Structure formats: structure tokens, C-alpha cells
Amino acid sequence: MPLGTGDSPGASTPPPPARGDTAGTGTGRRALLRGTAAASAALVVPFAAAPGAGAVPGPAPGPALRGRPRASWGVQSGGVTSSSGLVWARSDRPARMVVELSPTRSFRRVRRVPGPLLTPGTDFTGTAALRGLPAGEEVHYRVVLADPDDGRRTGEPVYGSFRTAPERRRDGVRFLWSGDIAGQGWGINPDIGGFRVYDEMLRLDPDFFLCSGDTIYADGVVEPSVTLPDGRIWRNVTTEEKSRVAQSLDDFRGNFRYNLLDANVRRFNARVPTVAQWDDHEVRNNWYPGQILDDPRYAEKDVDVLARRALRAFAEYFPTPTLPVSGGTGGLGGSTGIDASGGLGRSGGRMHRVVRYGPLLDVFVLDMRAYRNPNSPGRRADDEQGVLGAGQLAWLKRELARSRAVWKVLAADLPIGLVVPDGAADFEAIAQGDPGAPLGRELQIAELLRFVKHRRITGTLWLTADVHYTSAQHYAPERAAFKDFAPFWEFVSGPLAAGGFPANALDATFGPERVFVRAPERADVSPMESPQYFGEVEIDGGSGSLTVRLRAEGGKVLFSRVLEPGRVGQ
């Protein structure tokens with residue numbers, strides 16, 4: 001069924017049967033909401049496509065709308081710990097958000113948690129904080145939106161669920177990661193079922209999803225159709241905000257709403273918590289603080305202004321505990337986001353954070369965008385700011401040293417040893433192609449790797465997306481120009497819904513060996529021509545061993561590697 005047709009959004013339904021429970025009786029820890037035609041009534045495109053055009057009119061929420069509030073954009077969760085979590089929703093008008101919790105999908109026993117008032121100041125989005133949850137258990141919830149002037153006038157509930165982090169090691173952990181969504185003009189194609197890879201990821205029943213940046217393409221226009229090299233036609237669902245580069249706050253909000261038009265995304269969001277980070281395309285390709293644009297598409301040339309708006313929209317559309325959103329017209333927590341010196345304002349929260357997911361896993365979510373220095377040839381012999389900024393590097397060292405988790409995943413929005421150019425002479429990521437001693441941004445990474453070795457911090461590995469293919473690199477001092485570090489792995493997986501690109505060259509400074517790679521031979525290969533990629537990490541609760549699987553859309557495991565715990569390097 002093409003996107004934009006089918007069930008009417010927002011219809012009320014009881015929660016569907018748990019996964020694997022065909023009789024509809026299971027309520028175990030791994031029980032999740034399974035989508036059905038009736039149950040996903042609120043999980044279809046919220047606005048019907050214009051006949052024959054694929055265009056989706058922008059929402060027009062406001063007090064003039066009749067009826068009851070609707071949460072047609074679905075629900076999502078984030079910030080999940082062993083005892084708490086955040087639940088997100090968006091209304092079509094001003095509304096009071098209420099979350100009802102239940103230990104089972106029957107909702108016979110319900111705990112009500114009042115949420116925020118959803119207003120135009122947050123684009124009618126809001127997040128409710130849930131506390132006092134049981135560890136390692138399935139939490140079933142439903143979001144109800146009420147008329148702010150008459151609490152008895154409520155919309156139809158929208159259901160979701162998530163698992164809290166375990167307190168016991170034996171429970172194990174499984175999560176997925178990828179990035180790069182709706183990039184290069186490859187948007188929601190109704191002919192192939194939209195972003196169908198999300199449904200494939202959902203069937204793997206992960207504890208959470210790590211979205212490694214490029215959660216939107218604010219600088220990417222989505223045309224109604226694109227002709228492929230073989231003559232086939234790629235059709236896109238289109239919206240007004242995706243017809244131009246994003247500059248206003250409403251433009252950025254519209255880019256985040258675009259992905260939520262996809263039914264697969266909303267079903268996934270309702271059942272899998274997301275840990276999201278940003279990279280460049282949330283603002284503009286290869287941006288850095290202080291940049292002044294020379295691009296005729298942009299009337300606003302100051303990237304810091306664009307970044308403040310993008311960060312505001314990001315915080316409104318992803319439930320992120322370190323990015324509080326105020327309800328007024330200001331920025332994050334009353335601040336304006338990116339400050340004049342680069343980086344996030346003191347009162348505006350931060351993107352970088354530690355996700356502590358039980359005794360087996362800590363995820364260190366890095367921000368390689370807001371604190372970086374300008375892109376350059378990268379040949380400086382001293383570079384304190386680097387890609388992380390001095391403050392974030394100090395924070396990362398401190399948090400790595402205090403971590404007691406068996407595994408410490410460094411979630412980076414850029415690769416370490418892959419050369420990512422920015423124009424003819426500058427470089428976008430860390431490596432710059434010089435195989436010798438660390439220079440430029442490499443100096444900061446060398447300092448971090450040295451620290452990990454000398455503090456004997458075990459169980460570190462790096463995950464990223466960014467480059468639009470999938471690969472595994474092993475870094476070792478015996479192959480490197482810089483030798484004062486312990487061996488480690490870096491795994492790359494993506495895109496999730498964007499164009500594929502050829503593999504990047506390696507920089508030998510930290511001794512990478514490309515153990516596996518799967519990439520197209522030409523640039524910007526459409527999702528109809530090349531599979532999309534995501535990665536899976538599974539930690540065994542008994543042995544503590546960690547298995548990484550690089551997966552291709554269609555169910556195939558392309559590469560896997562088992563890492564053993566308790567080692568400095570692998």
C-alpha cells in the first residue's frame with residue numbers, strides 16, 4: 001500500500017500482541033508491541049499525499065482546529081536507564097501530554113505521569129520524564145493528549161514500549177547502530193515501501209538504536225522524482241520544507257518531521273529507544289563553528305545562526321536528557337545553543353554524554369561538530385582544540401577512567417583513520433592523508449589513545465557511520481607512525497536511507513588495517529541499486545564477549561567479529 005493511503009491516523013486500538021506471541025497471551029521481559037493493520041492506525045503517514053504528486057501538505061496546528069488533539073506523528077523513547085526514561089510525542093494543536101504506564105500490555109493497572117503542555121513554542125512537541133521504573137523490564141506506555149482547557153476532551157491514545165537497562169550482568173545487551181537518513185535526495189519512496197530497513201531492524205528486537213549522526217539532511221532537497229542510470233524512476237514523498245535548504249527554525253523542524261512521515265520509522269520509534277547524536281547534515285555539509293557561507297542558496301550566511309536553529313529542532317524532535325528544551329522562543333533551556341566561541345552554551349545543555357546501560361556497557365556519545373576548529377589541510381604541529389575541543393576531551397578522559405562497564409563504546413560521528421576531504425585542500429574528519437606522526441586533529445586522538453593505554457582502560461571500541469558504506473578497521477601500533485597506544489577496532493555502518501559512496505582512503509598514522517569493506521564503486525548510488533547498511537552489537541551476559549555484525553538490508557550478515565572482555569586492545 002503506497003504511503004499516504006490506508007488507515008486513518010490517530011485511531012484508538014488496544015495494544016497488539018507481544019512479539020512471538022501469536023496467541024496474544026505473552027507478557028515476558030522481551031515482549032514488545034507488534035504492529036498490526038489496526039494497531040498501526042496512528043503509525044501511517046499523518047497527512048495524505050496529494051493525488052499523483054507525492055506531495056504532503058505541511059501541518060497547520062492551532063486552536064482553530066476542531067475535534068480532539070491527535071498524536072499522529074507517533075511516539076518515541078530515549079534517555080533510558082535502569083530506572084527511568086523519556087517519552088516523546090507531538091500534537092496537532094495545543095494539548096496537555098499525559099503518559100500512562102503499565103507493567104503489561106493489558107493496561108489493567110495504570111500509573112499516570114503528567115507531561116508538559118505542548119505549544120507552538122516547541123512545535124507542539126514534548127517529552128515526559130518517567131522515573132521509578134523497574135530495571136531490566138518491559139515498560140508499556142500510551143500517550144494521551146488532552147485539551148488544555150478541558151481535560152475531559154482527550155485524543156485517541158498512541159501506544160509504545162521500551163526495555164529499561166538491566167542491573168544484572170547476566171541479562172546481556174543487544175543494540176543496533178547506523179546513520180545518514182534521507183540523504184542525497186533519496187527520500188521516502190512509496191514504490192519500495194519507504195524506509196523499509198527500519199522494519200528489518202525492528203525484527204531484531206534491539207534494546208536500543210544508536211543513530212550516529214546525519215539524522216536529517218537539512219541541506220538536501222527532495223525532488224518529486226529522480227531518474228536512475230538504468231532508466232527507472234525513483235519517486236519521493238515531498239513536503240514544502242524539503243523543497244529548499246533549511247534556514248529558518250520551521251525549516252529545520254520540517255526536516256525532522258519528514259522522516260516521521262514514514263510508517264516504518266514510527267513503528268520502530270514506538271518500540272525501540274533511540275540514542276541520537278548529530279553530525280554535519282543536521283545543519284549543512286561539513287560545517288564548523290564560525291563558518292561564513294559562500295553559497296547562493298543561503299540568505300543566512302552565518303553557520304552559527306543555522307546551527308542554533310538546527311540544535312533547537314534536534315532537541316525538540318529527539319528525547320535527549322542532556323538537551324532540555326524551553327517552551328518559549330529562546331533556545332535550549334533558555335539559551336541559544338551554539339555560543340560565540342563555538343560549542344554549546346553553558347545553559348544550553350550538550351550533545352556529548354554517557355549512556356550507562358547496565359554493568360556490561362557504557363556508550364560515550366561524542367560531539368565532533370560543535371567544538372571543532374575550522375576545516376583545514378590539518379598539518380599543524382600543535383592543535384589543542386581539535387575535533388572535540390579541550391573541554392570535551394577532558395570530560396571523555398574523566399568518564400572513561402571512572403567507567404566500570406565491561407565494554408566502553410565510543411560513539412563517534414566521524415571516523416578516525418578514513419580520509420574525508422572537504423574540497424581540494426581541506427579535510428572534514430580527523431585524518432588528512434599524511435601517514436607520518438600525528439598532525440592537526442590527529443594530535444587530540446593520539447592524546448586520547450595514549451591515555452587509554454597508560455590508564456589500562458579495557459574494552460574500548462569505536463562505532464561510526466558518516467561515509468555511506470560499511471567496513472571494519474583494526475588499528476595497531478606495529479603498523480602505525482604513532483605507537484604509544486593499544487590496539488582497537490573501529491566499525492563503520494551506513495547509510496540507513498541515503499546514497500552509497502566508494503570507500504575512503506586510509507591514513508597510516510594510527511596503523512589501520514581494513515579487514516572488511518563493502519562499498520559501491522561509484523558515488524551516490526540509490527537505495528534501489530545498493531542495499532542500506534546497519535550494524536549490530538550483542539554482548540553475552542554469561543561470558544561478557546561482544547559480537548559485532550555488519551548487516552546489509554535484506555537480512556544478510558556481511559561480517560562479524562567476536563571480541564573478548566578484559567583486554568587493553570584486541
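In which loop is the place of P495? P495 sits in the loop between β23 and β24 (512-518), where strands, like helices, are DSSP runs numbered from the N terminus (at least two residues of E for a strand, at least four of H or I for a helix). The peptide bond that leads from G494 into P495 is cis, with omega near 5°.

Before I go on, please keep in mind that this is a predicted model, in which local features need pLDDT of at least 70 and side-chain atom pairs count only at pLDDT 80 or more, while totals for chains, interfaces and linings use all residues. Residues are numbered from 1 along each chain as its sequence is written, and side-chain values use heavy atoms, with hydrogens and water left out.

Now to the aromatic rings: those of Phe, Tyr and Trp (its six-membered ring) pair if their centres lie within 6.5 Å, and planes under 30 degrees apart count as stacked, over 60 as edge-to-face and the rest as tilted. By this rule there are 21 aromatic pairs. One of them joins W462 and F488, a tilted pair with 6.4 Å centre to centre and 45° between the planes. This pair links distant parts of the chain, since W462 belongs to strand β21 (residues 460-464) and F488 to strand β23 (residues 488-492), 26 residues apart.

W462 counts as buried at 3% relative accessibility, buried meaning under 20% relative accessible area, exposed over 50%, and partly exposed in between (1.4 Å probe, protein chains only). F488 is buried as well, at 2%. Ring pairs link W462, Y475, F482, F485, F488 and F510 into a cluster.
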